[in-house]
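Open the structure in your viewer and keep the selection tool ready. Each stop below says what to pick and what is there.

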Amino acid sequence: MLINPNGFREYDARWLYKDEIDLSGIESLGKGLGTQVINHTKKLNPRIIVGQDYRSYSEEIKFALKKGLISTGCYVEDIGLALSPTVYFAQFELDADAIAMVTASHNENGWTGVKMGIEKGLTHAPEEMNELKKITLNQNFIKGVGNEKKIKDFNQIYIKDLIKKNKLKKKIKAVVACGNGTAGVFAPEILKGIGCEVIELDCNLDFNFPNYNPNPEDLKMLHAISKCVKENKADIGFGFDGDGDRVGVIDNRGQEIFSDKIGLLIARNLSSKFKKNKFVIDVKSTGLFLKDKVLLKNQCKTIYWKTGHSHIKRKVKIEKALAGFEKSGHFFFNKPVGYGYDDGINSAIQICHLLDNQDKNISKLLDELPVTFQSPTMAPFCKDEEKYLVVNNLIKEIKEIKNNKIEIDGQLIDEILTINGIRFSFKDGSWGLIRASSNKPSLVVVIESPTSDSRKNNIFKFIDELLKKTGKVGKYDQKI
C-alpha cells in the first residue's frame, strides 16, 4: 500500500497518483472513511453518496474507494459523473449519511483526491481530517457487509432543481467557460434553463485540459473568457473550476472581477432583501466589506475567517450567516438562498439575479464600488512539510516589524490578523496576506491597496523579499 501522509490536508485529501498514492492506498482511504462514518453516525450500514469528476483515472479511483467503503459495512449510492455540489445536493435530496466526491478540483492533471463530509452541507474540517488520517494510517478499520447501488440520472434532478427556482425576467447573454472539465455537462444547460443566452467556451469534456486548467483564478482561463465576452458583446462571462464548486467572473467590458468584489455586489443585493444579517468572508478578500455603505445601511455584519471551503461553510452555519464568500470563487448561500455549501453554478445564478434586479450592467455596478488595486492570488512553491513553519516564522518577523515601527512604503503596519497565516493592514486600508496553501505544496500571497497600484506593488516587493530570505520558497504559479 502506498499512501503519503501529507495527502491528508486541512480539509481535502489530495495526492499525485500514482507517485504518492496507489489503488490499495485509495481502498484503505475508503476503509478509513467508512469506519469514521460508522463511528460518527452509530449506524452499522450508513448510506454514502459517491460521485466522480471527468479525469481519466477518476473511475478507477472511485472503484477502489467504494471497495473500501463497502468492506466496512457502508451502503454506497453511486451517482456517477458529478460535480462536488451535485454530491452535496444528493445528500440532502436522498437523505444520506455522508458523501465522498472523487476529485482533485482545479489541481493539474496527475492529482487526485476526495472531498468528504458527514454532516449535511459540510465537508471535513481539520479535526475530521486528522481523525481520518489516524484511522487510515493505523489501519483501525471496522469490518462489515455493505452494498452498492447506482442512482441513475441524478444529474437531471440536480439540474432541474436549480432551474425551477431561478427563472430570470430578462435575457442575459453569458459566456460559459468550463476548461473542458466536468462543469461542461451541467453549467450550459442550467444557465440556458433559467433564461440566459449562453455562448459555450471549452464546454466539451476532455480530461487532457488542452486549452488551460479549469481554474477560475488562472489568468489564462480568465483571458480566454475575456476575449470571448468582447467578441460576442456578452453581458457577463463565467468560468467554472474542475469540480464546479467555484466560479470566476468577467464583466461586459471583458475585465476580470475578483470574486471577493463579486461577493460584495451579491451581499449588497441580498442585504436589501434580508436586512440585519451576517456575511462571512475569507482573509484573502477585499477590505471593502467592513466599511461598505450599503451593508452598513442594512445593518449587516462582516466576519473575516480562515480561507478554505470547509472553514467558511462551517463558519456560515455556526454564525447563522446568510452567505459566505471566498476570493477563490467559493460562495456559500444559507437558507433560503441555498443549502449552505458551495456551488459555482448557483453562484453564477445569483450574479444573474443581481443583473436581473438592476437596470444596470455589471461594469456599472462595479464602478459604484470604491476603487482598489488587487493582486491575483499568487502561489509560490513551498514544501508541505515546511510551509507551516515558514509562515509561523514570517508571522513573528512581521510582528517585530510592527512593534519596532518599521515603515513599509512609507507607512506603519496598523493591524495584524493571524487566524489564517498573517494579514497585515495599514491605516490607508492597504493590506498583504501570507498563508500556507491548504491543498498544495505552496504558500498563498495576496495584496490589495485602495490608494494606488504602486503601493500594491511595493507591498508585494516587501513580501517577496521576506520569502526569498527564508531560502525555502520557490517559483510562483503567477506573479505581479
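The tour visits salt bridges, then pockets.

This is a predicted model, where local features need pLDDT of at least 70, side-chain atom pairs count only at pLDDT 80 or more, and totals for chains, interfaces and linings use all residues. Residues are numbered from 1 along each chain as its sequence is written, and side-chain values use heavy atoms, with hydrogens and water left out.

**Salt bridges**

A salt bridge is a side-chain nitrogen of Lys or Arg within 4 Å of a carboxyl oxygen of Asp or Glu. The whole structure holds 42 of these salt bridges.

Select Arg9 and Asp384. They form a salt bridge, with 3.0 Å between the closest N and O atoms. Arg9 sits in the segment before strand 1 (13–16) and Asp384 in helix 13 (residues 384–403), so the pair ties together parts 375 residues apart in sequence. Helices (H or I, at least four residues) and strands (E, at least two) are DSSP runs, numbered from the N terminus. Both Arg9 and Asp384 are buried. Buried means under 20% relative accessible area, exposed over 50%, and partly exposed in between (1.4 Å probe, protein chains only).

Next, select Glu148 and Lys66. Their side chains meet in a salt bridge at 2.5 Å, N to O. Glu148 is in strand 6 (residues 147–150) and Lys66 in helix 2 (residues 58–71), so this pair links parts 82 residues apart in sequence. Glu148 is partly exposed, at 34% relative accessibility. Lys66 is buried, at 6%.

Move to Asp367 and Arg253. Their side chains form a salt bridge at 3.3 Å, N to O. Asp367 lies in helix 12 (residues 362–367) and Arg253 in the loop between strand 10 (247–250) and strand 11 (256–257), so parts 114 residues apart in sequence are tied together.

**Pockets**

On a 1 Å grid over the protein atoms alone, a pocket is an open set of points with protein on both sides within 12 Å along at least five of seven lines; lining residues have an atom within 4 Å of a point.

Which residues are the closest to the centre of the largest pocket? Select His106, Asn215, Ala379, Lys440 and Asp477, from a lining of 38 residues.

For the second largest pocket, select Gly287, Leu288, Leu290, Lys291 and Gly429, the closest to its centre among 25 lining residues. Finish on strand 17, which gives the most to this lining, with four residues.

Methods:
On a 1 Å grid over the protein atoms alone, a cavity is a set of points where a 1.4 Å probe fits but cannot get out, and a pocket is an open set with protein on both sides within 12 Å along at least five of seven lines; lining residues have an atom within 4 Å of a point.
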